[in-house]
Amino acid sequence: MPTITIDDRPVEVPPGATVLDAARRLGIDIPTLCHLEGYQPSTSCQVCVVKLLDNGRVVPSCGTPVTDGMRVASETAEVHRLRRTALELLLSDHVGDCVAPCVFACPAHMDVPQMLREIGDEDLRHAIATIKEDIALPAILGRVCPKPCEKGCRRQGAGGTVEVCDLKRFVADRDLASREPYVPSCPPDSGRRVAVIGAGPTGLAAAFHLRRAGHAVTVFEAQEQPGGRLRHEFSEDALPRKTLEAEVGVIFRLGIELRAGTHVGRHERFDALTAQFDAVLVACGAVDKAEVQHWGLAVSGRGIEVRAGTYETNVKGVFAAGNAVRGKALVVRSVADGKEAAGAISQYLAGKPIAPVQRPFSSRMGKIQAGEMPELLAGAADLPRRDGASYAADAISAHEAAGQAHRCLACGCVAHGNCRLERYAAQYGADPSRYQDGRRAFVLVNRGGSVQYEPGKCINCELCIRIAAESSEALGLTFVGRGFDVRVGVPFQGTMDQALGPLAAKCIAACPTGALYLSPVRELVPLQNLTVPQR
């Protein structure tokens, strides 16, 4: 059997194997988009390139047979640069948002589209679980947040934005009013103990996420009741104390210890906390600079100095977040700080390097072009905003809330998190805008069907065409057009459902870019009941 060396690591492979096969035997993850095991390689995406050291050629690993003694470079700066360029060229023609604009606009980066889909299905239990992945205080924020998420909503110029914040409040209020408010499960205890100084929005959010990570958490609060600035910055009308008490109570039901009426520095020494706990988070709001300097913490003009993106102070194991660092910030920013600081602390407690918080990778459609809004609106409910009408749990039904949620244009990609183009673009640091010069128009094919197709995301990998050709029951797919205008189409003016037939799920699973997917609408014609036109 031939032997090949990849990055100075030899491996023996059977005759007929490719360089990609050999790399996988070594556990080397060469990115692939147009390749699928069992199918003839098309070598069209050029993302899997490697360099042959004996002749200096750059070749696609999926379509290059192994020869005995071959020497290959895969994980080098040069090869990574070539792969990044291939990804950037594919992204230059990509029409779609990996992450919806509303998610980026939300300081906590809540998965707004997922929440809206669940409200649209009247599945409020899953909706509150989605919300609490990122936001520990949704009923409170639903009342006091200035709604930055809605400023990012693309529907702003077409009947007004989706009322995201009020819908979040509706779900949270319904949950609090239920017999069993949602209390997320926590993993087994990590054996680590964290002290949180301050039970305001930052401290409460941090305690919530730290406990969800399995850590034992003790919150030290100088006042007799938790809530911090939430108790004095907002009137009873703006934030009813009943709502505040109920939502804060749910957080402590996770098993978090509260030591109220305990002022750190007066009733409890700061150095005693650092000695007793594995990590300490200072989240007590705007700080007395002289006091925290006495604790050994460096300060800046606004508050405690921290390393950007990690919330680490100059003292090992001590972190700071919220207004203790910023001096003054929106409540939603404080809640986001608490989540992010908890993530940093969990990395520290696991002995891992703390990765600075950064925005996730996302391809961006950018500004909607003339003629695209009707296409986007075609998939959304044609309903007006409630605009000032109450979203109180007893003032709007789940069905009415579902209608408002269906106003969403579904800007985010349904394949987000499972898209190979997105994954490898993030891994290789691809810049989606490097080669962009305009873009194709957004189009959605087969909107009313079970299988939907976005040509703007398609890289013409041909996998769906080959898979669909295996079925005698499916109409099949083909390439239509020439040159840069080539696209996947259905012969005989058929639908995507008819084209893919019983192999639809296999085609969708093989699609590397999320161009093919099942409709999120539940009530559709079953695929097996479709009639396929005669060829």
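**Reading helices and cores**

Me: Which helices do the buried residues of α4 pack against?

Reply: In this predicted model, they pack against α3 (101–105), α5 (124–131), α8 (164–177) and α16 (398–405).

Me: How many residues of α4 are buried?

Reply: Seven of the nine residues of α4 (112–120) are buried, so the rest of the structure largely encloses this helix. The buried set is Val-112, Pro-113, Met-115, Leu-116, Glu-118, Ile-119 and Gly-120.

Me: What sits at the ends of α4?

Reply: Asp-111 caps the N-terminal end. One of its side-chain oxygens lies 3.2 Å from the backbone nitrogen of Gln-114. Just after the helix, Glu-122 takes a positive phi of about 60°.

Me: How do I read a nonpolar core?

Reply: In soluble globular proteins, nonpolar side chains tend to be buried together. Here the largest nonpolar core has 111 residues. Leu-33, Ile-119 and Leu-281 have the most contacts inside it. Helix α14 (331–349) gives this core its largest share, nine residues. Another core, of 23 residues, lies apart from it, with Ile-465, Ala-468, Val-488 and Ala-515 among them.

Me: Which residues is Leu-33 in contact with, leaving aside neighbours within four places in sequence?

Reply: They include Cys-45, Val-47, Leu-87, Leu-90, Tyr-424 and Pro-512.

Me: Where do Leu-87 and Leu-90 belong?

Reply: Both are among the buried residues of α2. Those buried residues pack against β3 (49–52), β5 (71–73) and α17 (420–427).

Me: What span should α2 have?

Reply: At 1.5 Å a residue, the 15 residues of α2 (77–91) should span 21 Å. The end C-alpha atoms are 21 Å apart, which agrees.

Definitions and conventions: Residues numbered from 1 in each chain as written. Predicted model: local features only at pLDDT ≥ 70, side-chain atom pairs only at ≥ 80, totals over all residues. Heavy atoms only, no water. Core = buried A, V, L, I, M, F, W, Y, C linked by side-chain atoms within 4.5 Å. Buried < 20%, exposed > 50% of the residue type's maximum accessible area, 1.4 Å probe, protein only. Helix = DSSP H or I, 4+ residues; strand = E, 2+ residues; numbered from the N terminus. Contact = heavy atoms within 4.5 Å. Polar contact = N/O pair within 3.5 Å; in protein donor to acceptor, adjacent residues only side chain to side chain. Expected span 1.5 Å × (residues − 1).
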